[in-house]
Every structure is written in structure tokens, then in C-alpha cells.
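User: Hi! I am new to protein structures and would like to walk through one with you. Could you show it to me?

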Amino acid sequence: MKTGDAIREIMKQKEVGVNQMAHRLGKSPRLVSERLGQENISISKLLEMLRLLDYKVVIMPREARLPDGGIEVE
């Protein structure tokens with residue numbers, strides 16, 4: 001799963017739309033949509049969005065088991 005798709009999946013689970021995410025970020029809905037459509041989102045922008053969704057980035061060994069609710073980004 002790509003980063004933007006992962007964020008969209010979390011937003012869907014949390015019932016947070018693009019407009020609501022934009023409001024939380026203090027950004028325009030267009031900017032949020034553009035971020036989600038990018039091939040690669042910078043880690044700082046990813047962290048900014050994930051914090052608002054009560055998620056975080058974790059780096060772990062490849063062989064480690066993905067925790068419940070976790071999403072693997074390729």
C-alpha cells in the first residue's frame with residue numbers, strides 16, 4: 001500500500017473526510033487532496049497528518065509481525 005492510500009484508509013476508518021482533515025491541518029482541501037495523491041509524501045507531512053489521526057510511524061525489523069490495526073507501506 002502506498003502512503004497516501006494508507007492515510008486515506010485510516011481517514012475512512014476514523015470517518016474523517018478531506019475537508020475535515022484540511023480544517024484540522026489549517027490547509028486547503030485541495031492541498032490535502034494533492035498530498036494524498038502524491039507518489040511520495042515527505043515524512044514530516046506524513047507525521048503531521050498521522051498525528052491528527054492518532055497514528056504514528058514505527059520502524060521495525062522486516063520479520064516482525066504487524067500489530068493489529070497496523071498498515072504496511074511499500
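Analyst: Here are some questions and answers about this structure. This is a predicted model, in which local features need pLDDT of at least 70 and side-chain atom pairs count only at pLDDT 80 or more, while totals for chains, interfaces and linings use all residues. Residues are numbered from 1 along each chain as its sequence is written, and side-chain values use heavy atoms, with hydrogens and water left out.

User: Which residues of helix 3 are buried, and where on the helix do they lie?

Analyst: Helices here are DSSP runs (H or I, at least four residues), numbered from the N terminus. Buried means under 20% relative accessible area, exposed over 50%, and partly exposed in between (1.4 Å probe, protein chains only). In helix 3, which covers residues 29-37, the buried ones are Val32, Arg35 and Leu36. Looking down the axis of helix 3, these fall within an arc of 95° (taken from the directions from the axis to the C-beta atoms), so they line one face of the helix.

User: Which exposed residues sit on the face of helix 3 turned away from its buried side?

Analyst: The buried residues of helix 3 pack against helix 1 (3-14), helix 2 (18-25) and helix 4 (43-52). The face turned away from that buried side carries the exposed residues Arg30 and Gly37.

User: Is Arg35 buried or exposed, and which residues does it contact?

Analyst: Arg35 belongs to helix 3, and its relative accessibility of 7% means that it counts as buried. Contact means heavy atoms within 4.5 Å. Leaving aside neighbours within four places in sequence, Arg35 is in contact with Leu25, Lys27, Ile41, Lys45, Glu48 and Met49.

User: How exposed is Pro29, and which residues does it touch?

Analyst: Pro29 is also found in helix 3. Its relative accessible area is 35%, so Pro29 is partly exposed. Not counting residues up to four places away in sequence, Pro29 touches Val18, Asn19 and Ala22.

User: At what angle do helix 1 and helix 4 cross, and which residues make the contact?

Analyst: Axes are lines fitted to C-alpha atoms, for helices over the stretch in contact, and angles run from 0 to 180 degrees between N-to-C directions. The axes of helix 1 and helix 4 come within 11 Å and cross at roughly 10°, which makes the two helices roughly parallel (under 35 degrees; over 145 is roughly antiparallel, 65 to 115 roughly perpendicular and the rest oblique). The contact is made by Thr3, Ile7 and Ile10 of helix 1 with Leu46, Met49 and Leu50 of helix 4.

User: How many residues are in the largest nonpolar core, and which elements give two or more of them?

Analyst: A nonpolar core is a set of buried Ala, Val, Leu, Ile, Met, Phe, Trp, Tyr and Cys residues joined through side-chain atoms within 4.5 Å. The largest one has 14 residues, and those with the most contacts inside it include Ile7, Val32, Leu36 and Met49. The elements giving two or more residues to this core are helix 1, helix 2, helix 3 and helix 4.

User: What is the phi of Glu15, and what is the phi of Asp54?

Analyst: Most residues other than glycine have a negative phi. Glu15 lies in the loop between helix 1 and helix 2 and is exposed, at 70% relative accessible area. Asp54 is in the segment after helix 4 and is exposed at 64%. Although neither is a glycine, both have a positive phi: about 55° for Glu15 and about 65° for Asp54.
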